[in-house]
Amino acid sequence: MGGFSIKVTRSIVTITCLAVLAACSATYRFHGYAPSDDELANLLVGADTRETVEEVIGKPSSSGVLEDGNWYYVSSKVRHYTYKAPKAVERELVAVSFDDSGVLENIERFGLEDGRVIVLNRRITDQTVKGPGVIAQIISNIGNLDLADAINN
């Protein structure tokens, strides 16, 4: 009976160690699409148009803010640990620009090392709203009402 409990204890310890190791391992998530160099080699700057670029590498999910803006293909690889915040470990941006007539003008590739962190939205209020609040304004305006003007209008 003693040998059986030692085997069970070893099995439990082994399973626990494997579970802890699995929890500490990273998982990766992939987002977006950026065309490979092989796909981009099929494009000819100065000859291809928006339509031919769309046929070769597809239409992007992002484009410039202007009507005839550039196209941006973005892909990223994000590492997740159970106990840490997710972190982008790879990011690629392929910028495809066109001239005014829609002809391919330039193709650029940027990596995570080329970028910098930008805070897109930051809302911090140092002090409360200055001046009287809404309720104080309503109460102060009650005395300023002229009922004769309100009835005649």
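Ser-76 is found in strand β3. Helices (H or I, at least four residues) and strands (E, at least two) are DSSP runs, numbered from the N terminus. The model is predicted: local features need pLDDT of at least 70, side-chain atom pairs count only at pLDDT 80 or more, and totals for chains, interfaces and linings use all residues. Residues are numbered from 1 along each chain as its sequence is written, and side-chain values use heavy atoms, with hydrogens and water left out.

At 16% relative accessibility, Ser-76 counts as buried. Buried means under 20% relative accessible area, exposed over 50%, and partly exposed in between (1.4 Å probe, protein chains only). The C-alpha atoms of Ser-76 and Arg-91 are separated by 4.2 Å. Along the chain, these two residues are 15 residues apart. Leaving aside neighbours within four places in sequence, Ser-76 is in contact (heavy atoms within 4.5 Å) with Arg-29, Phe-30, His-31, Glu-90 and Arg-91.

Ser-75 is also found in strand β3. Ser-75 is buried, with a relative accessible area of 17%. Beyond its neighbours within four places in sequence, Ser-75 is in contact with His-31, Gly-32, Tyr-33, Ala-34, Glu-90, Arg-91 and Glu-92.

The chain as a whole comes to five helices and five strands. From the N terminus on, the elements run α-β-α-α-β-β-β-β-α-α. Of the 153 residues, 17% count as buried. Among contacts between residues at least 6 apart in sequence, 46% join residues at least 24 apart. The chain exposes about 12500 Å², and carbon and sulfur atoms supply 56% of this area. Accessible areas come from the Shrake-Rupley method with a 1.4 Å probe; for residues, only the protein chains shown count as cover.

In soluble globular proteins, nonpolar side chains tend to be buried together. Here the largest nonpolar core has eleven residues: Ala-34, Leu-40, Leu-43, Val-53, Ile-57, Trp-71, Tyr-73, Val-94, Val-96, Phe-98 and Leu-104. The elements that give two or more residues to this core are α3, β3 and β4. Strand β4 gives the most, with three residues. A nonpolar core is a set of buried Ala, Val, Leu, Ile, Met, Phe, Trp, Tyr and Cys residues joined through side-chain atoms within 4.5 Å.

Helix α3 spans residues 50-57, and Arg-50, Val-53 and Ile-57 are buried in it. Seen down the axis of α3, its buried residues fall within an arc of 60°, so they line one face of the helix. The arc is that of the directions from the helix axis to the C-beta atoms. These buried residues pack against α2 (37-40), β3 (71-80), β4 (87-98) and β5 (104-111). On the other side of α3, Glu-51 and Glu-55 are exposed. Just after α3, Gly-58 takes a positive phi of about 90°.

Side chains of opposite charge can pair when their charged atoms come close. The count comes to three salt bridges (a side-chain nitrogen of Lys or Arg within 4 Å of a carboxyl oxygen of Asp or Glu). Arg-109 forms a salt bridge with Asp-37, the closest N and O atoms being 3.0 Å apart. This pair links distant parts of the chain: Arg-109 in strand β5 and Asp-37 in helix α2, 72 residues apart. Arg-109 counts as partly exposed, at 29% relative accessibility. Asp-37 is exposed, with a relative accessible area of 53%.

The side chains of Arg-109 and Glu-92 also meet in a salt bridge (3.2 Å, N to O). Glu-92 lies in strand β4 and Arg-109 in strand β5, so the pair ties together parts that are 17 residues apart in sequence. Glu-92 is partly exposed, with a relative accessible area of 30%. Glu-90 forms a salt bridge with Lys-77, with the closest N and O atoms 3.9 Å apart. Glu-90 lies in strand β4 and Lys-77 in strand β3, so this pair ties together parts that are 13 residues apart in sequence. At a relative accessible area of 46%, Glu-90 is partly exposed.
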